[in-house]
Amino acid sequence: MFNKKKKDEEPVMDTNVTDETLDNTPTENTEENNAAETAETKEELSVEEKLKNEVAELNDKYLRLFAEFDNFKRRTQKERIELLQTAGKDVVVSLLPVLDDFERALKSTENATDVAPVREGIVLVQTKLKSILSQKGLKEIQSINTEFNTDIHEAITQIPSPTEEQKGKVIDELEKGYTLNDKVVRFAKVVVGA
């Protein structure tokens, strides 16, 4: 009897232990493997997702920056066009009184018999025009009896100089030259002594 109990108990214990071991071992291994695989998959997906998100963010930043730069270019181009269209506005507005003076001078010449007052009126209008333009930065280039300078003069012709000291100098001026804020806007057309 004693042997029977031991034999009965042992196999029961062995079976239980074996069943538990068999049951637990594959289940634990499978669960651990599944957990490890899902963890790796999650890590891989999370790394891929992170990279995809980062690429999406960078693309978004690039598109926004490109759009902002494009808007900046359009805005500056529009401002430049507006500036060019209204750049001469100050000069034109300041010249309107001179235009009015010329109209008054023309009306007064219709009935005038004496030339002296008409000439005096024209000289006054010219003086007014010159003063307005000089306020805006326009200056005449003094050319006669100066050395010929290709930066400010345009030689129309050369003539033999009357004296030796006038060689290479401006003898006559056909059209005045002007500078605007020290930049040549029209070259003086001159006759140079040779």
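**View 1. Strands β4 and β5 form a hairpin with two residues between them.** N181, in the turn, has a positive phi of about 55 degrees. Strand β4 covers residues 177-180 and strand β5 residues 183-186; the two pair in the antiparallel sense over three bridges. R186 in β5 is the bridge partner of Y178. Strands (E, at least two residues) and helices (H or I, at least four residues) are DSSP runs, numbered from the N terminus. Two strands pair if DSSP finds at least two bridges between them. This is a predicted model, in which local features need pLDDT of at least 70 and side-chain atom pairs count only at pLDDT 80 or more, while totals for chains, interfaces and linings use all residues. Residues are numbered from 1 along each chain as its sequence is written, and side-chain values use heavy atoms, with hydrogens and water left out.

**View 2. An open sheet of three strands has the order β2-β6-β3, with mixed pairing.** Its edge strands, β2 (153-159) and β3 (170-175), each pair on one side only. Neighbouring strands of this sheet are turned by 30 degrees against each other on average, direction ignored; the axes are lines fitted to C-alpha atoms, and angles run from 0 to 180 degrees between N-to-C directions. β2 and strand β6 (residues 188-193) run parallel and are joined by six bridges.

**View 3. The largest pocket holds about 170 Å³ of space.** A pocket is an open set of points on a 1 Å grid over the protein atoms alone, where a 1.4 Å probe fits, with protein on both sides within 12 Å along at least five of seven lines. Its volume is the space filled by probe spheres set on the points, which are joined across faces, edges and corners. Lining residues have an atom within 4 Å of a point; they are Q126, L129, K130, L133, S134, L138, K139, E140 and Y178. Four lining residues are nonpolar, two polar and three charged.

**View 4. D101 lies in helix α2 (residues 89-111).** D101 counts as buried because its relative accessibility is 13%, where buried means under 20% relative accessible area (1.4 Å probe, protein chains only). Leaving aside residues up to four places away in sequence, D101 touches V125 and K128; contact means heavy atoms within 4.5 Å.

Technical notes:
Nonpolar A, V, L, I, M, F, W, Y, C, P; charged D, E, K, R; others polar. Buried < 20%, exposed > 50% of the residue type's maximum accessible area, 1.4 Å probe, protein only.
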